[in-house]
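Okay, thanks everyone, I'll keep this short. Have a look at what's on the screen, and then I'll walk you through it.

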Amino acid sequence: MKLQEADAKSLLVAQGLPVPAWTVAHTAGEARDAAAAFLEAGADKVVIKAQVLVGGRGKAGGVKLAGSPAEAEQVAGGILGMDIKGMTVRKVLVGPAADIVKEFYLAAVLDRAERGILLMGSAEGGVEIETVAEENPAAIIRLHAHPLLGLQDFGARELAFAMGLGAHLKAAVAMAKGLVTTMKAYDADLVEVNPLAIVRETGADGAIVERLVCLDAKITLDDSALERHPGLEALRDPDEEAPEDKEAREAGLTFIKLDGTIGCMVNGAGLAMTTMDLVKRAGGEPANFLDIGGGARADKVAHAMRLILADPKVNAILVNIFGGITRGDEVARGLIEARAQQTREVPMIVRIVGTNAAEAATLLEEANFQTAASLDEAAAKAVQASRAADAAGAASANVTA
Ligand code: GDP
Ligand code: MN
C-alpha cells in the first residue's frame with residue numbers, strides 16, 4: 001500500500017523526524033486559507049503540491065510556489081483536477097515554501113536478497129534515483145543496517161560523510177537512523193525522502209540558520225503486515241486504488257492483472273503460477289493471476305469470474321481447481337451462477353480434480369461446460385479458444401470495415 005506524501009510525512013513526524021509544517025486542502029478555497037495562515041505566520045511563500053501516488057509531480061507541474069493567498073488559490077485551482085500520469089489530483093498539500101540550499105536523496109528499502117534493510121543515499125537529490133543509478137551509479141552510497149542492532153552510529157556517520165553531509169552530521173545521522181526506525185515501526189517496504197534538503201531559515205533571533213529537513217516523503221507499506229497496524233488501513237486512499245484491485249481485496253481474492261487474453265481462476269498461489277506457466281507453454285498469454293484461496297464458496301467464485309470478465313481483453317477463461325478444502329461441486333455451482341449473470345459470452349474451460357470432483361463433473365456436464373481431464377489439455381483448449389476468438393474478432397472487424 002502506497003501512502004500519500006502527507007500521510008507519509010505524518011509517520012515521519014511521529015518518529016521524530018524534521019518535516020516542515022503542512023495542511024491538506026481539497027479545494028482552491030481551502031488552499032487559500034491554508035496559505036494565508038502560513039504567510040501570516042512568517043512564510044515568504046507557500047509551496048502547493050499535488051497529492052497523487054506517483055513520482056515526478058514536480059516535472060509534471062504538480063509542485064508550485066505562491067506568494068499570496070490569492071495566488072495560492074489560483075495555483076491550487078490549476079493543480080486540482082490535473083491529470084498526472086493517469087491520476088486525477090483531488091487534494092493538495094500546502095506548506096511554507098522551503099528556501100533550499102541543496103537537495104539530497106535518502107531512502108531505506110527492503111533488500112530481499114540480503115534479508116535486511118538497505119540504506120541508499122546520494123548528494124544528487126531531487127531527481128529520480130533511477131536516473132542517477134543509470135547515469136552515475138557511483139553517486140549512490142549503499143549501506144545495510146545490522147539485522148539485530150539496526151543502523152549503528154558509525155555506519156550512519158560514514159553514510160553522512162559520503163553523501164557530503166559532514167556539516168550536518170548529527171542531523172544526518174538522526175535522519176538515517178530515523179528512516180530505519182520508521183521502516184521497522186510500520187513494516188514498510190520503502191521509506192524514501194527525496195529531496196532531503198538543507199534549507200535556510202531565519203531563527204527567532206533573526207539569524208540565518210541551515211537545517212536538514214524532509215521535503216518529500218514516500219512510504220510503501222507491506223500489505224501482508226497491515227494486520228499488525230490496524231490504524232494504518234485508514235490511510236488507504238480509495239481514489240488511488242484500481243477498481244479491480246479494490247474489488248478483489250474486499251472479496252478476499254488475490255488478483256493481479258496482466259496483459260494477456262486468457263483469464264485464469266485457480267485455487268492456491270503455487271497452482272496459479274503453474275497454470276500461468278502452462279498457458280504460456282501452450283502459446284497463450286495469461287490475463288491475470290487469480291488465487292481464490294482455500295475453501296472458496298460459490299459466491300466467491302462468481303465474484304472472481306466477474307473480476308476476470310471485467311477485463312475486455314479476456315477472450316477465454318481457464319478454471320483450474322485442485323479440490324482439497326475447496327470443494328469441487330461448490331466451485332462448479334459458483335461457475336454456473338457466474339455464467340447465468342455473465343454479460344458477455346466467453347469460452348470457459350474447466351478442470352476440477354480432488355474433493356467432490358465427480359459431483360462437479362456431473363454439474364458441469366448438465367450445464368454444458370467445456371471440461372478438461374488434465375491441466376495440459378485445459379491449457380491447450382484455452383489457448384485454442386482464445387485464438388479462435390481473436391480470429392473471429394479480426395474477421396468481424398474486416399466485415400464492418
Ligand atoms: P516529486 O517531483 O513528485 O518527487 O515532488 P517533490 O516533493 O520531490 O518536489 C519536486 C521538486 O520541487 C523538489 O525537488 C524541489 O526542487 C521542489 N520543491 C519542493 N518543495 C519545495 C519548496 O518548499 N520550496 C522550493 N523552493 N522548492 C520545492
Ligand atoms: Mn520527490
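So, a quick definition before I start: when I say contact, I mean heavy atoms within 4.5 Å. With that in mind, take the contacts in the protein with a separation of 6 or more: 67% of them come from residues 24 or more positions apart. And please remember that this is a predicted model.

On to the overall picture. We've got 12 helices and 18 strands in the protein, and the C-alpha trace spans about 85 × 50 × 40 Å along its principal axes. There are 401 residues, and 47% of them count as buried.

Charges next. I get 40 positive side chains and 55 negative ones in the protein, and the centres of those two sets are 2 Å apart.

Okay, now the ligand. Which residues come nearest to ligand 1? There are 16 residues around ligand 1, and the nearest are Lys49, Arg57, Gly58, Ala98 and Glu103. Two of those names come back when we go through the oxygen atoms of the ligand. Ala98 has a backbone N or O atom 2.8 Å from an oxygen of ligand 1, while Glu103 places a polar side-chain atom 2.6 Å from a ligand oxygen. Then there's Asp216, with a side-chain N or O atom 3.1 Å from an oxygen atom of ligand 1. On its own, ligand 1 exposes 560 Å², and 80% of that is buried by the protein.

That's it from me, happy to discuss.

Notes
Residues are numbered from 1 along each chain as its sequence is written. Chains are lettered from A and ligands numbered from 1 in the order in which they are written. This is a predicted model: local features need pLDDT of at least 70, side-chain atom pairs count only at pLDDT 80 or more; totals for chains, interfaces and linings use all residues. Side-chain values use heavy atoms; hydrogens and water are left out. Helices (H or I, at least four residues) and strands (E, at least two) are DSSP runs, numbered from the N terminus. Buried means under 20% relative accessible area, exposed over 50%, partly exposed in between (1.4 Å probe, protein chains only). Lys and Arg count as positive and Asp and Glu as negative; His and the chain ends are not counted. The place of a charge is taken as NZ of Lys, CZ of Arg, CG of Asp or CD of Glu. A residue is near a molecule or strand if one of its heavy atoms lies within 4 Å of it. A polar contact is a pair of N or O atoms within 3.5 Å; within protein, one must be able to donate a hydrogen and the other to accept it, and residues adjacent in sequence count only if both atoms are side-chain atoms. Accessible areas come from the Shrake-Rupley method with a 1.4 Å probe; for residues, only the protein chains shown count as cover.
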